[in-house]
Amino acid sequence: MKTVLITGGAQRIGAEIAKTLHDNQFNVIIHYNESEQEAKALCAKLNNRRQNSAQRIHANLASVDEINQLVGVIENIDLLVNNASVFYPTPLENCTVNDWDTIMNINLKAPFLLSKGLSKKLKQTQGCIVNIVDIHAERPLKNYAIYNISKTGIKTLTKTLAKELAPDVRVCGVSPGSILWPEQKAELEPHKKQIMLERIALKRQGSTADIAEAVLFLANANYITGEVINIDGGRTLHQ
Ligand SMILES: NC(=O)c1ccc[n+]([C@@H]2O[C@H](COP(=O)([O-])OP(=O)(O)OC[C@H]3O[C@@H](n4cnc5c(N)ncnc54)[C@H](OP(=O)(O)O)[C@@H]3O)[C@@H](O)[C@H]2O)c1
């Protein structure tokens, strides 16, 4: 059995990645911040299928101390999936330094520090890092400047760490298009969802399984490093 740490693994795309990897011979460490109940329930479900195959770890990835604590409790690891992120609009005229710090710390600094902190252990297992990027790393989404920049950062992080950590550790990325509609502060009105769907060549959203399967593929793709794959139903063809 290999071991994977998935950040933000309790719900939505992260939970699907955890389930898919668990179905494919990985023991899973599900990191969470606020979704404690979801993390508990998912671990219970996975441990029911295979004893001692899932555990949960809490950390607020906005805090460097908590990132270091998380790194410190991981004993061995074959795969790190940097999935956790925050997504909300930051129109230029009213976004703040606090927004910059929040988004950049969680979406970019945390994946960097986790990768750095776990690199020795990943080298020992000839392991892999998969970063969850976003197609807006390349083609920015209006009103989301800080998020776009954070995702461009993690795309470059993927390529630069692929160089730094070669030949022992592969580093790849998956760039989702529209998979699950955003919630809360980033929720979209129905007509905006319709406009977005019309711009996708395949005329529909992707599924969480589409992302999880891509992560699994990269985890097993022993001759791929430094690559970021778009999983977007052809959305970028129309941009
Ligand atoms: N949804 C899409 O269609 C889409 C499109 C393009 C790219 N993506 C990318 O795909 C990944 C997953 O997307 P998603 O929509 O499933 O993400 P999400 O629900 O917005 O967030 C994923 C997780 O990030 C964790 N997180 C947020 N702030 C945190 C903090 N301070 N400390 C620790 N964890 C924190 C949360 O964990 P808790 O719930 O435990 O707090 C949350 O469950 C993200 O990297 C996203 O940028 C998604």
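Tutor: A residue is buried if 20 or more other C-beta atoms lie within 10 Å of its own. Please keep in mind that this is a predicted model.

Student: Is Thr7 buried or exposed?

Tutor: Thr7 is placed in the loop between strand S1 (2-6) and helix H1 (12-23). Inside 10 Å, Thr7 has 26 C-beta neighbours. Since the cut-off is 20 or more, Thr7 counts as buried.

Student: Leaving aside neighbours within four places in sequence, which residues is Thr7 in contact with?

Tutor: A contact requires C-beta atoms within 7 Å. With neighbours within four places in sequence left aside, the contacts of Thr7 are His31, Leu61, Val81, Asn82, Asn83 and Ala84.

Student: Why is strand S5 largely enclosed by the rest of the structure?

Tutor: Cys128, Val130 and Ile132 point one way from S5, while Ile129 and Asn131 point the other way, and all are buried. In a regular strand, side chains alternate between the two faces of the sheet. S5 (residues 128-132) is therefore largely enclosed, the buried count being five of the five residues.

Student: Which residue of S5 is the bridge partner of Leu80?

Tutor: Strand S4 (residues 79-82) pairs with S5 in the parallel sense over four bridges. S4, helix H4 (residues 97-124) and S5 also make a right-handed β-α-β unit. Within S5, the partner of Leu80 is Ile129.

Student: Where is the kink in H4 centred?

Tutor: H4 has 28 residues and reaches 39 Å from its first C-alpha to its last, close to the 40 Å expected. Its buried residues include Leu114, Leu118 and Leu122, and the cover over the buried residues of H4 includes helix H3 (64-73), S4, S5 and H5. The kink, of about 50 degrees, is centred on Leu118.

Student: Which residues have the most contacts inside the largest nonpolar core?

Tutor: In soluble globular proteins, nonpolar side chains tend to be buried together. Here the largest nonpolar core has 59 residues. Neighbours within four places in sequence aside, Val215 is in contact with Ile17, Val81, Val130 and Val174. The residues with the most contacts inside this core are Ile30, Val130 and Val215.

Note on methods
Residues numbered from 1 in each chain as written. Predicted model: local features only at pLDDT ≥ 70, side-chain atom pairs only at ≥ 80, totals over all residues. Helix = DSSP H or I, 4+ residues; strand = E, 2+ residues; numbered from the N terminus. Buried ≥ 20, exposed ≤ 12 C-beta atoms within 10 Å, placed from the backbone. Contact = placed C-beta atoms within 7 Å. Pairing = 2+ DSSP bridges. Right-handed = clockwise from strand over helix to strand, strands pointing away. Core = buried A, V, L, I, M, F, W, Y, C linked by C-beta atoms within 7 Å. Expected span 1.5 Å × (residues − 1). Bend = angle between axes of the 7 residues up to and from the residue.
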